[in-house]
Amino acid sequence: MNASPATNHAQRLLEESGLTSSHEPIGEMLVSIFLEERYRLDGRLEGLATEKDDTFRLSTDSGNYLVKVSPPDEAEAVVALQTAAMRYLETTAPHLPVQRVKLTAGGDDHVTIRLNDGRPRVLRVFDFVEGQVLADANPDAGRLAEAGEMLGLIDVALRPFTHPADRRGLAWDIRHFHQLTELVEHTASPEHRQLAQSVFRLFGDNVVPRLSDLETQVIHGDFSPYNIVVDPKSDHFVTGVIDFGDTVRSAVIFDPAVPMANLLGRTPDQPWRDACAFAAGYQRQRPVQAPELPLLPVAALARLTLRALITNWRAERAPERREYLLGHAKDDWINVERSLAVSLDDVVAHLGEARHGHS
């Protein structure tokens, strides 16, 4: 039996997102040689666990750096998009604490490596952003609003930015959520499958008919609590914004929907409280258009459901990482259930009040 077009589309999206294949990790010795030859950097390399790239912390006498080598199935143009967005922000909005790209001794922003299999891999070096990530802090509503403001400022700054690869295919891009229904089959629990179907229905009824007329631009795409560095003692709460790996041209509302998804259920008795606090801050800098506001909570639910579905799918494909993967998303289904139990009309009303108060 031939795969349906939907199946083909889902498979292509997952492949383009670098989620379908594994690769041989690159050797530290080889990375060290490139760092010395091209960047004139010499120091101690320490491997860090990340989703796709081979990532290292480089400690040198002059400071610390983050070194990333892209996976072989990530297109060079997509890596170039991520780097270009960061360099654009450094030039046009230097006051924003976006992680900086370090140039080679020759002035390039990356080095292309070709290993034995002939597939190119891209090595880049960034300043290492020291500090605590938001996920490890315990922010109150005011601090969450400050984090929201930061994303609003980034989206305002990125508004004019374009790149040849910005229309890349990305499974994490919420606009494709309704095309990934087959991932439900990889979720063992009937209750979880039912929750996913509820969210797919909500998204299909509310967001899909509007997809073509939503306001779009290049967005960060993964402003999660693990990519926001904070200092709770500082007047400027957000001290670093990292990881532009999911940068893409998409609907603007899908950018705040990602952190909102991560904040759902943080306070079990009021599952939307923290997500709404973040959105209020975001709208101080980048107000969501009134007709699009009702779609924001649906997009947040879609993103949280998507993470749970992709995690289950990946755990099935990589049993050796199963425990790690499922542990990382262990509360996702609980938080989807809690958030669905609240009237979305009430959530939208709350978001509308915040918008009215800061427009």
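Visitor: What makes strand β2 (residues 54–60) largely enclosed by the rest of the structure?

Guide: In this predicted model, 6 of the 7 residues of strand β2 are buried, so the strand is largely enclosed by the rest of the structure. A residue is called buried when its relative accessible area is under 20%.

Visitor: How do you know that strand β1 (residues 44–48) and β2 pair, and in which sense?

Guide: Two strands pair if there are at least two bridges between them. β1 and β2 have 5 bridges, in the antiparallel sense; therefore they meet the definition of a pair. Within this pairing, Arg44 stands opposite Ser59 in β2. A hairpin of 5 residues joins β1 to β2.

Visitor: Why are β2 and strand β3 (residues 63–69) said to pair?

Guide: The pairing requires at least two bridges, and β2 and β3 have 7 bridges in the antiparallel sense. Therefore these two strands also count as a pair. Here Asp54 stands opposite Val69 in β3, and the hairpin that β2 and β3 form has 2 residues between them.

Visitor: What is the order of the strands in the open sheet that contains β9?

Guide: The 3 strands of this open sheet follow the order β7-β9-β10, with antiparallel pairing.

Visitor: Why are β7 (132–133) and β10 (238–241) called edge strands?

Guide: Each of them pairs on one side only, and β7 and β10 are accordingly the edge strands.

Visitor: How do you know that strand β9 (residues 228–230) pairs with β10?

Guide: The two strands run antiparallel and are joined by 3 bridges, where at least two are required; therefore they pair. In this pairing, Ile228 stands opposite Val241 in β10.

Technical notes:
Residues numbered from 1 in each chain as written. Predicted model: local features only at pLDDT ≥ 70, side-chain atom pairs only at ≥ 80, totals over all residues. Heavy atoms only, no water. Buried < 20%, exposed > 50% of the residue type's maximum accessible area, 1.4 Å probe, protein only. Helix = DSSP H or I, 4+ residues; strand = E, 2+ residues; numbered from the N terminus.
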